[in-house]
Amino acid sequence: MADAVSGAEVLAVEAAATGVDVVVTVEGEGDGVGRKDDDKKEWTPVTKLGRLVKDGKIKTIQDIYLFSLPIKEYQIVDFFLPKLKDEVMKIMPVQKQTRAGQRTRFKAFVVIGDHDGHVGLGVKCSKEVATAIRGAIILAKLSVIPVRRGYWGTVLGEPHTVPAKVTGKCGSTVTRLVPAPRGTGIVAAPVPKKLLTLAGIQDCYTTARGSTKTLGNFVKATFMAIANTYGFLTPDLWAETRFEVSPYQQWSDFLAKTAKRA
């Protein structure tokens, strides 16, 4: 298992299948050649949700989660969550047998979070390491989910742990998250510990079964367990729900206008 390193650092990946050393500089490093135009480009939304976000009609990302609106543009997540940090969990070579021989590509696993209740996971396969990492970061932003946090025992201070015992499964790997007292820390293997830290969970016990050495399934199972924190109804959510109009319906007149073309 490769150690988790920052996506903004220079990665040295030894591809055992090819027998060569691959050195890549991820975006944000280097001399910036060829990136000046990208920085100057202004985001032009192409979806209804993007138009509402850029025009200020939707104030928070919680409004998007409330109505389960699919996010198709990663700039929407950047707009609401500018403090996201990414971690490259692993880069592994994968091969496909063809008539001409073996075709080697690189698969990147990236987790992203703001240490305050939002976390995402992205997996991307590409011919080049840099392209795989960049694509995985984008997919991680598109898959950002809210993390529900709770208390162990007395309800004092800020929420610090998972609200209840939750389980996630991927392949043969099963990850279980158990609430822990304040000050316990995260009792977990390096892979789920990194994910829980980015999610903003301070104290948590974990158990894992199955083939945890398969990092891809291990991190996916942990991600599913975190996602399940909002998958059940607890007594504190028994209050009567006030149904509101969807943003698409509320701002239908605005969306009906033809977007101005530059």
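Student: Which residues of α5 are called buried, and what makes them so?

Tutor: In this predicted model, the buried residues of α5 are V129, A130, A132, I133, G135, A136, I137, A140 and K141. Buried means under 20% relative accessible area, so each of these residues falls under that cut-off.

Student: How do you know that the span of α5 agrees with its number of residues?

Tutor: Helix α5 covers residues 129-142, which is 14 residues. At 1.5 Å a residue these should span 20 Å, and the end C-alpha atoms are 20 Å apart, so the two values agree.

Student: What makes V219 a contact of V191 and L195?

Tutor: Contact means heavy atoms within 4.5 Å, so V219 has heavy atoms within that distance of V191 and L195. Leaving aside neighbours within four places in sequence, V219 also contacts F109, V111 and L121.

Student: How do the axes of α6 and α7 lie, and what is the hand of the crossing?

Tutor: The axes of α6 (residues 190-199) and α7 (residues 215-227) come within 9 Å and cross at roughly 35 degrees. The crossing is right-handed. The residues of this contact divide into 10 nonpolar, one polar and no charged.

Student: Which residues have the most contacts inside the largest nonpolar core?

Tutor: They are V111, V119, L177, L195, L196, V219 and I226, in a core of 24 residues. As members of a nonpolar core they are buried and joined through side-chain atoms within 4.5 Å. The largest share of this core, six residues, comes from α7. A second, separate core of 19 residues includes I64, I71, I76 and I112.

Key: Residues numbered from 1 in each chain as written. Predicted model: local features only at pLDDT ≥ 70, side-chain atom pairs only at ≥ 80, totals over all residues. Heavy atoms only, no water. Axes fitted to C-alpha atoms, helices over the stretch in contact; angles between N-to-C directions. Helix = DSSP H or I, 4+ residues; strand = E, 2+ residues; numbered from the N terminus. Left-handed = near helix turned anticlockwise from the far one by under 90°. Nonpolar A, V, L, I, M, F, W, Y, C, P; charged D, E, K, R; others polar. Buried < 20%, exposed > 50% of the residue type's maximum accessible area, 1.4 Å probe, protein only. Expected span 1.5 Å × (residues − 1).
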